[in-house]
Amino acid sequence: MAKRSTAGPVVVVGAGVAGLACALDLARAGTPVRVLEASDGVGGRMRTDRADGFLLDRGFQVFNTSYPQVKRRVELGALRLHPFTPGVLVHTPRGRVRYADPSRRPGDALRMLTGRHTTARGAASLGALSATDALAPVRALRALPERTTRQELARWGVPEETVEGVLRPFLAGVFLEDGLETSSRMLHLTWRSMIRGSLTLPAAGIGAVPEQLARGLPAGALTLEAAVAEVDPGGVTLSDGSRVEAAAVVVATDAPAAARLLPALGAVPTRTVTTYYHASSTSPLREPTLLLDSRRRFLNSCVLTEVCPSYADDRRALVSTSVLGPDAPGRAAALVPVLSEAYGTDADRWQPVAAVTVPAALPAMAPPLKLSRTGRVAEGLYVCGDHRATGSVQGAMASGARTARELLADLADLADLADRGGLGRRP
């Protein structure tokens, strides 16, 4: 194994938001850093492509403005953010039902009650949970007894009809699982972030967020199309056989790739999602609102061009619909009559644009869930990513920040040891 020293840069493998956050913190601390990205652009799962005149995010995504790491790192004004409606529409056998955030849309919330779409008990229990999550310190939410999301909603007295009617369809799209198996701690933190922030999309697509972060790197620090085949404490070997020496290596890839490069991590259960994009000559829903299905035949759907008109370069509407799991033969065709029913239109006339499957889109977050884990793997080897924290932009960035702090402390100790003559340097 290669000897270690403080000579050479820290190599960060992967230019997703976790790797970018880690690299930025290292660079700001004066540590030389190189970021190696296997693909042709930054962002990892948080990228935007262009096809047929549309902006296509790598799966349906939203950008939450309330995350502390986002507030610290991102210039929100430069993103030209467009908000979603603070609430959802649920397609049911009785027609569409609107569920609104009462703190922002009190009129809609009142109509929900008087229209018998929910009960006073359901509204009161959700209101109590929401108030607690909005006002309690984060450390208090993190310290709550842990259960599954289903068990926690029952503990708060949320009626089953409210759970099945709206919360289960909604949270299935948030956590990418429809059994409400996710840790209650993640439920509270996610609910808090949604209450305190706004769900938005950048005008240039979700990929504008990591692109902004990457512009903060030192000149020459980022190398694209540099796939890493092996890592060790002294550097990395690229897929073409070339070698990059390093003072330390941070693996900032998704969970499966991290486990391949660092077998000691072990496999991490993940969730896969597929998003189908369709083009329509007219908008089937003239508002920027998420549409859910009470029968859970899809996770969520929305007209992205109602949220952000710049997602199309002409007057066509872009409809995004996500489902759990990978794409499969016949799945897109089977979805069309469901969308016709949900939107009350003839979706057969829509033009398929793309089917985007995102493997390992989120880590599975069933209890017991560690909300933050060390980035140290072995001497000179580190890891960061949402699979080391929570499945969110906040979790990914926070993991990158934690790993940078740990690595800087270790490098300082290593430099001190070298100064005292206790460590040989690589020739």
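The following legends describe close-up views of a predicted model.

**Figure 1. Packing of helix H5 against helix H9.** Helix H5 (residues 120-135) meets helix H9 (residues 184-196) at an angle of about 85°, and their axes lie 8 Å apart. The two helices are therefore roughly perpendicular to each other. H5 contributes Leu-126, Leu-129, Ser-130, Asp-133, Ala-134 and Leu-135 to the contact, while H9 contributes His-188, Trp-191, Arg-192, Ile-195 and Arg-196. Sorted by class, the contact of H5 with H9 comprises 6 nonpolar, 2 polar and 3 charged residues.

Figure 2. Ser-125 counts as buried because its relative accessibility is 8%. When neighbours within four places in sequence are left aside, Ser-125 is in contact with Trp-156, Gly-157, Val-158 and Pro-159.

**Figure 3. Strand S16 and its pairing with strand S7.** In a regular strand, side chains alternate between the two faces of the sheet. In strand S16 (residues 290-293), Leu-290 and Leu-292 point one way, Leu-291 and Asp-293 point the other way, and all are buried. Strand S7 (residues 87-92) pairs with S16 in the parallel sense over 4 bridges. Asp-293 of S16 is the bridge partner of His-91.

**Figure 4. An open sheet of 6 strands.** The strand order is S10-S2-S1-S14-S21-S20, and the pairing is mixed. Strands S10 (222-223) and S20 (376-378) stand at the edges with a single partner strand each, so one side of each has no neighbour in the sheet. Within the sheet, strand S14 (residues 248-251) and strand S21 (residues 381-383) run parallel and are joined by 3 bridges. Val-249 has Leu-381 of S21 as its bridge partner.

Figure 5. The whole structure holds 25 salt bridges. In one of them, Arg-45 pairs with Asp-386, with the closest N and O atoms 3.1 Å apart. Arg-45 lies in the loop between strand S2 (33-36) and strand S3 (48-51), whereas Asp-386 lies in the loop between S21 and helix H14 (393-419), 341 residues apart. Arg-45 is partly exposed at 26% relative accessibility, and Asp-386 is buried at 7%. A salt bridge also joins the side chains of Glu-287 and Arg-98 (2.9 Å, N to O). Here Glu-287 belongs to the loop between strand S15 (270-280) and S16, and Arg-98 to strand S8 (residues 95-100), 189 residues apart.

Figure 6. Arg-155 and Glu-152 form a salt bridge whose closest N and O atoms are 3.3 Å apart. Arg-155 is partly exposed at 44% relative accessibility, whereas Glu-152 is buried at 0%.

Terms used: Residues numbered from 1 in each chain as written. Predicted model: local features only at pLDDT ≥ 70, side-chain atom pairs only at ≥ 80, totals over all residues. Heavy atoms only, no water. Axes fitted to C-alpha atoms, helices over the stretch in contact; angles between N-to-C directions. Parallel < 35°, antiparallel > 145°, perpendicular 65-115°, else oblique. Contact = heavy atoms within 4.5 Å. Nonpolar A, V, L, I, M, F, W, Y, C, P; charged D, E, K, R; others polar. Buried < 20%, exposed > 50% of the residue type's maximum accessible area, 1.4 Å probe, protein only. Pairing = 2+ DSSP bridges. Salt bridge = Lys/Arg side-chain N within 4 Å of Asp/Glu carboxyl O.
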